[in-house]
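Have the structure open as you read.

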Amino acid sequence: MTYQPLNLGRWIIWSGAALLFAVAPHLFPGGFALTMLTQMGTLIIFALSYNMLLGQGGMLSFGHAVYSGLGAYATVHVLNFVGKGQFYIPVPLLPLVGGAAGLAFGVLFGYVTTKRAGTTFALISLGVGEMVFACVLMFPGFFGGEAGVSTNRVVGTPFLGLSFGPALQVYYLVAVWCFLCMAAMFALTQTPLGRMANAVRDNPERAEFVGYNTQHVRFLQLVLSSFFAGVSGALSCINFEIVSAENVSAIRSGGVLFATFIGGVPFFFGPVLGAIVYVFFVVALSGFTKAWLLYLGLFFVLMVVYAPGGIASLILMQFPVIRAGRWRELALPYALAALAALLAIAGLIGIVEMVYRLSEQGASTLLEVFGLSFDARSAPPWFVFAAALAAGLAALRAAAHSVGERWGAIQLELQAKAP
């Protein structure tokens, strides 16, 4: 929906995003929900900054947590200096400190890592990440060793009457920075640098033929990405009030890769969806089951195999059908596929939970799944959940075939009607 010189549709979408950030704590009240929303906000910035490398620049990095973590370390020390009264900076501006630190280290490490592309870049980034992680343990005076560096965000003079002690104030601080960073990173995709990063990703040889230095393009993209990663690290420091070796670890770098790929690398809003799903697994699901890592791994594998474009690609696939008014024809096949998937998931969860319970030495074998109590050592629950899994997979395969046939027929009809 466009009206020169304004893209009205884009303005409506961004206004809706701002409104959603504002009302989210009221839609999902409670301390636990507020904690999840705050972590989602910080991870959204981190995932979008990572996608500046992977999705927009074609650079697979295994050490992106370095820039986020070092930005967090810089922030925690500045916050401690403020607490000692050595100087003053408002807490809402601390993300700029983390961003500046991330940018500085992006210049330092990016000069080396971006000299190569492809697999070589990925391996160099992994080496840089491991090097920084080792330095965290080697220099405890600055990094605090394995215990990390703790701080207190309620320091100095309150900013506009806000102390940022309550979790709600921290959420709105994260929400404002998340929205600003999202808008800035989207604007960067519309600049000549953003377009040239796409060109270097798709065909670096042709980009060089037209006069661009691909190493310079990759370097600038990484430096800007490091700035936003540092902002994310600073917000994480303010939220948790502690920074440790985990902030620069390979686990954190792998986590942002998971979130970005699950959401959808080719699309700008894909990492936003991926961050929401990833935080749900890590924060919410981990509180209910010890097998949450297994579920996350299975979900990731299924996305890689069946939806390599991520959740965003599955959503965007529906738009042509919706615009053509043909979505009702797919409603029933989708509903049947969803029911079959729920049945298969129920069977899988039952089997996994029983396996985990039996693997715990000295733990009671009594188990409660979906409100049903039973003994994991007895045979009937195994048969029931195995049958549910088998029946669900069989029904899902049939439903997927039906969806594929209906979808293909609709696409052929739409193509035939296209001018």
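**Notes on the surface and salt bridges**

1. Start with the nonpolar surface patch: Phe269, Ile315, Phe319, Ile322 and Trp327 make it up, with about 450 Å² of accessible area together. Patches take residues with over 30% relative accessible area and no salt bridge, joining nonpolar side chains (Val, Leu, Ile, Met, Phe, Trp, Tyr) within 5 Å and like charges within 9 Å. Areas are Shrake-Rupley values with a 1.4 Å probe, and for residues only the protein chains shown count as cover.

2. A caution: this is a predicted model, where local features need pLDDT of at least 70 and side-chain atom pairs count only at pLDDT 80 or more, while totals for chains, interfaces and linings use all residues. Residues are numbered from 1 along each chain as its sequence is written, and side-chain values use heavy atoms, leaving out hydrogens and water.

3. Phe269 sits in the loop between helix H11 (250-263) and helix H12 (270-284); helices (H or I, at least four residues) and strands (E, at least two) are DSSP runs, numbered from the N terminus. Phe269 is partly exposed because its relative accessibility is 32% (buried is under 20%, exposed over 50%, partly exposed in between; 1.4 Å probe, protein chains only).

4. The model has five salt bridges, meaning a side-chain nitrogen of Lys or Arg within 4 Å of a carboxyl oxygen of Asp or Glu. One of them pairs Glu241 with Arg153 at 3.8 Å, N to O. That pair links distant parts of the chain, 88 residues apart. Arg153 is buried at 9%, whereas Glu241 is partly exposed at 23%.

5. Another joins Asp202 and Arg201 at 2.8 Å, N to O. Asp202 is exposed at 54%.
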